[in-house]
Amino acid sequence: RLFSDNVLIILRGSEIRQWYDRVNIFQRSIFRYIVGGVRGALVLSARLRFLFESVLPDEKIFVVTNGLDVPRREKCEVSNPARLAYISNLQRSKGILDVILAAKILGNRNVAYHLEVYGSWYDMKTRAECEGIIIDNELPVVLNGPISNHQEKMAALAKSDIYVFVPRAPEGLPWAVIEALGTGLPIISTNQGAIADMVRDGINGFIVNSGAPEAIADRIQYLMERPYDIIRMGERSREIYEAGYTMKAMEDSFISVFNEVLLNR
């Protein structure tokens, strides 16, 4: 086999299942042959175990979540108007058009807000559409370039009140959501990949359907009208982060998996 039985593989995203279901029998057989020779596969959440279920036995699938060191922010009051942040690649699959359409809906409802968008454009058609909506409706949206380092991202999140990330396509366990958790922000997102592990609907944010600008706008408005809930949900986000998404938590999980694999050789 191409891999020895001393190899562990880790899957960072969750698109592989779509690929596997799409390809022909020969390609599936090659994939099963290659992956079947590894000692085990690591996924980012128990929700993602299904990605390898038809390829590996259950005892060879391990869960290791992402983890980061995120300092607790000092900001404890909600801005007026509240500040929204979107940090990701700027493409339809990541939900940027849905966020801009939600911003337009909020504008039509005369809801005051300020939205900062950070990221690189991947699709010039989507860029033109988003910029046209912002200009035509005079929306309080600032399109920034990509953030170049962790410190800049932490600074952008620290001055925000709500984090919005609403991907339409499969995700793994996005780093940006962990960073928003650790910063202590309520999060509005979609049920892609393992996001719902971190964003618990009604607890530290809201889960909305993919491709649903109206629902995004509804949840943003709900929080805008309840500043206390912004603070309360932000505190819950920090608690969820500390309970399972720190660097130490990730390191401990890796050590546990390595020990299990070594002891069972």
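This is a predicted model: local features need pLDDT of at least 70, side-chain atom pairs count only at pLDDT 80 or more; totals for chains, interfaces and linings use all residues.
Sorted by class, the lining of the second largest pocket holds eight charged residues, along with four nonpolar and three polar ones.

Now move on to the largest pocket, whose volume is about 430 Å³. Here 26 residues form the lining, and those closest to the centre of the largest pocket are Ser88, Asn89, Lys94, Trp175 and Ala176. As for the classes, the lining of the largest pocket divides into eleven nonpolar, ten polar and five charged residues. Rolling a probe the size of a water molecule over the atoms shows where empty space is left.

With the pockets in view, turn to one of the sheets. Three strands make up an open sheet, running in the order β1-β2-β3 with parallel pairing. Its edges are β1 (8-10) and β3 (61-63), each of which pairs on one side only. On average, neighbouring strands of this sheet are turned by 30° against each other, direction ignored. Look at the pair formed by β1 and β2, the latter covering residues 40-43: these two strands pair in the parallel sense over three bridges. A handy landmark is Ile9, which stands opposite Ala41 in β2. Helix α10, residues 247-263, packs on the sheet and touches β1, β2 and β3. The direction of α10 makes about 150° with that of β1.

Finally, step back to see the whole chain. How many helices and strands does the chain have? There are ten helices and nine strands. The radius of gyration of the chain is 20 Å, close to the 18 Å that the globule rule gives for 265 residues, so the chain is as compact as a globular protein of that length. Taken along the principal axes, the C-alpha atoms fill a box of roughly 60 × 40 × 30 Å.

Terms used: Residues are numbered from 1 along each chain as its sequence is written. Side-chain values use heavy atoms; hydrogens and water are left out. On a 1 Å grid over the protein atoms alone, a cavity is a set of points where a 1.4 Å probe fits but cannot get out, and a pocket is an open set with protein on both sides within 12 Å along at least five of seven lines; lining residues have an atom within 4 Å of a point. Grid points are joined across faces, edges and corners, and a volume is the space filled by probe spheres set on the points. Ala, Val, Leu, Ile, Met, Phe, Trp, Tyr, Cys and Pro count as nonpolar, Asp, Glu, Lys and Arg as charged, and the others, Gly among them, as polar. Two strands pair if DSSP finds at least two bridges between them. Helices (H or I, at least four residues) and strands (E, at least two) are DSSP runs, numbered from the N terminus. Axes are lines fitted to C-alpha atoms, for helices over the stretch in contact, and angles run from 0 to 180 degrees between N-to-C directions. Contact means heavy atoms within 4.5 Å. The radius of gyration is taken over C-alpha atoms; the globule rule is 2.2 Å times the number of residues to the power 0.38.
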